[in-house]
Amino acid sequence: MKSLTRLFAIMHKELLQILRDRLTFGMIVGVPLLQLTLFGFAINTDVRNLRAGVADEANTSLSREMIADMSSSQVVDFQYQVGSPLELGQLLDAGLISVGLHIPPDFDRRVQQNAGQAAQLLVDGTDPVIQGVARQLMTIPVSFDSQASARSVPLLELRNFYNPERRSAINVVPGLIGVILTMTMVLFTGLAIVRERERGNLELLINTPIKRTELMLGKILPYVVIGLIQVTIILLLGRFLFQVPIRGSLLDVFIVVLVFIATNLSLGLLISTAAQTQFQAMQIAFFFFLPSILLSGFMFPFHGMPLPAQYLAEILPLTHFVRLIRGVMLRGADLNLMLTDILALLLFLGVTLTMATLRFSKRLD
Amino acid sequence: MHEKSRFVIEASGLTKKFGSLTAVNNIELRVPEGVIYGFLGPNGSGKSTTIRMLCGLLSPTSGSVQVLGLRVPEDVEKLKQRIGYMTQRFSLYDDLSVIENLQFMGEIYALPRRMRKERIHELMVRFNLEERANQRAGTLSGGQKQRLALAAATIHDPKLLLLDEPTSAVDPQNRRDFWEMLFSMAEQGTTILVSTHYMDEAERCHRLAILDQGELVADGSPKELAAAIAVQVIEVSASEPNRARAALHKVPEIFSITQLGMQLRVLIPRHIHAAEQLVIQSLQVSGVEAHVRTVQANLEDVFVAVTEKHHEGRAA
Ligand SMILES: Nc1ncnc2c1ncn2[C@@H]1O[C@H](COP(=O)(O)OP(=O)(O)OP(=O)(O)O)[C@@H](O)[C@H]1O
Ligand SMILES: [Mg+2]
């Protein structure tokens, strides 16, 4: 009974503080909105409208047709028409274009004779995304090689490749729930105890009969609610902005999310028992955040990574969450079939929460 | 179990080291029940460190502490409900209002719901905080913060109150009011340990300990301390105090000179005979006109005497 009173005291106080701190409150709503629009619209794996230049030295109907096809794909936007490959190089150097297409005078003959590559792509190699695009664009002359007369084939191939409907939002949004939760949840609790230490509140608090577990739980529970609010925002936006489906049951989605929220919160608490200042807590959180984003399978395909990276990724909660949430939301998978990932998250939760409670001492030294 | 002590606080050989720095060195402390016990000492003398060890926030490097009959830090959790602690720095929540802070503390001490409301109302009346009830604590003035902190520290009606420089940001009028509150609490049986570097506050304590560089250099009631002082105090009133001061500086027997307006307070060790005569002669030799008389030692003299001697002892 007394224990409950104290637990509620901490939770109530925490909620009041969250609601009054405009920055925290802004983060709760702002981070999901920002991230979702960022990843949904801007950071799109479907690259479009790369500025490009063309030097068409052949100027035949075939070459013009190819340029028109590439333009209509909207991957590249030919803003510059120049006379020679040399000028293309200059445009690239000046940063005015990222892709240059050079069609030599004997283009038609090369296409018909299968004499090596018919045209040349000049690419700004500093940007891996553009490189990737170029590699895919390269398939156009090759197709011409094998099918000398059929001009419409490369066009179709190109379109399919680039997924002109921008359907990647569907793949991004479920994982994004995990990224946003990792970012905000770890940070919120990561700062929760450090902030009290920095402001001197902790010295008073540890002189009261409050128990460690009461303090830890009281700090976590309000943020669980906040995490759920965030997830709801993301799901709704995903649904209405990007038509992201939820093929599995909504209950399963929230079970997975709940476990993941708790996992991140207790990780934050653990950080907050180790850090002395809010800045340190943020550094540690960031240190954890970066590999989570890069290795979890959110950014890059999990199985494309080298084995050691895959092993490392298995330690990160986000990896398991990305698997779970994609499974439930996109494939409509049954949670029973993904118990290992749920168990992995629960294990992580148990370990971090215990460690945080043990590490937190009601002493100053 | 330990024999029940007559003292609310009993510490012996209490030492705290931070690396190579000895912040508190071998302190013996006995605080009887129901008194206001003062800790007087300059900055960095170890007042806060000692108080933190007494309430179990810091573990002593060596020595033993018993508070309200319980061993610290071993049994400190049982103590928390019975002691109140007011930190040197304001440590309630700036972003909560006065009443929210008190409610929070009331809940943390798990006061029964009905009692809680009454108690908070009572405290707000007693500490004159009613008009500020809904103001954020962060926007209170120094004195108001202090009153709020004291209200919070006493919400659970503790037997022992540890106050670390409670009046450092308070004007003299408010300081007097604050002390009135302390006295009325002491009358009701609360033992209060309070650190300060104000002489007038130290003077009000029933007993006090003077700390210097981590050591307890004197303790007793203010009267006892003044009586036991090992120096005689001679007051010199001169129209040219600077010249008088220069003249007296040359006298090796003089222990210390403090100027207060047109007057000098000259401390001379007790074993020197005819001290007043010595001062008069020294002034005459330099041709300084002055009125000289021996006066009662006050607490400030005690403080100067014990801390200066302590430094001499260290240097030797
Ligand atoms: N956590 C700590 N780590 C290292 N040194 C410390 C620590 N806490 C205190 N000290 C040192 O111990 C000494 C005593 O400090 P303490 O805070 O007890 O002094 P104080 O008497 O309360 O001074 P003040 O009147 O300024 O509050 C100081 O020299 C201080 O620098
Ligand atoms: Mg101090």
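Visitor: Which side chains meet in a salt bridge, and at what distance, N to O?

Guide: A salt bridge is counted when a side-chain nitrogen of Lys or Arg lies within 4 Å of a carboxyl oxygen of Asp or Glu. Here the side chains of A:Arg199 and B:Asp95 meet in one at 3.7 Å, N to O, and the count between chain B and chain A is four. This is a predicted model, in which local features need pLDDT of at least 70 and side-chain atom pairs count only at pLDDT 80 or more, while totals for chains, interfaces and linings use all residues. Side-chain values use heavy atoms, with hydrogens and water left out, residues are numbered from 1 along each chain as its sequence is written, and chains are lettered from A and ligands numbered from 1 in the order in which they are written.

Visitor: How many residues of chain B are in contact with chain A?

Guide: Contact means heavy atoms within 4.5 Å, and by that rule 31 residues of chain B touch 26 residues of chain A.

Visitor: Which protein donors does the magnesium ion (ligand 2) have?

Guide: Donors are N, O and S atoms within 2.8 Å of the metal (3.2 Å for Na, K and Ca), and sites may look incomplete because water is not among the atoms. For this ion they are B:Ser48 (OG) and B:Gln88 (OE1), lying 1.9 to 2.1 Å from it.

Visitor: Is B:Ser48 buried or exposed?

Guide: Buried means under 20% relative accessible area, exposed over 50%, and partly exposed in between (1.4 Å probe, protein chains only). B:Ser48 counts as buried at 15%, whereas B:Gln88, at 38%, is partly exposed.
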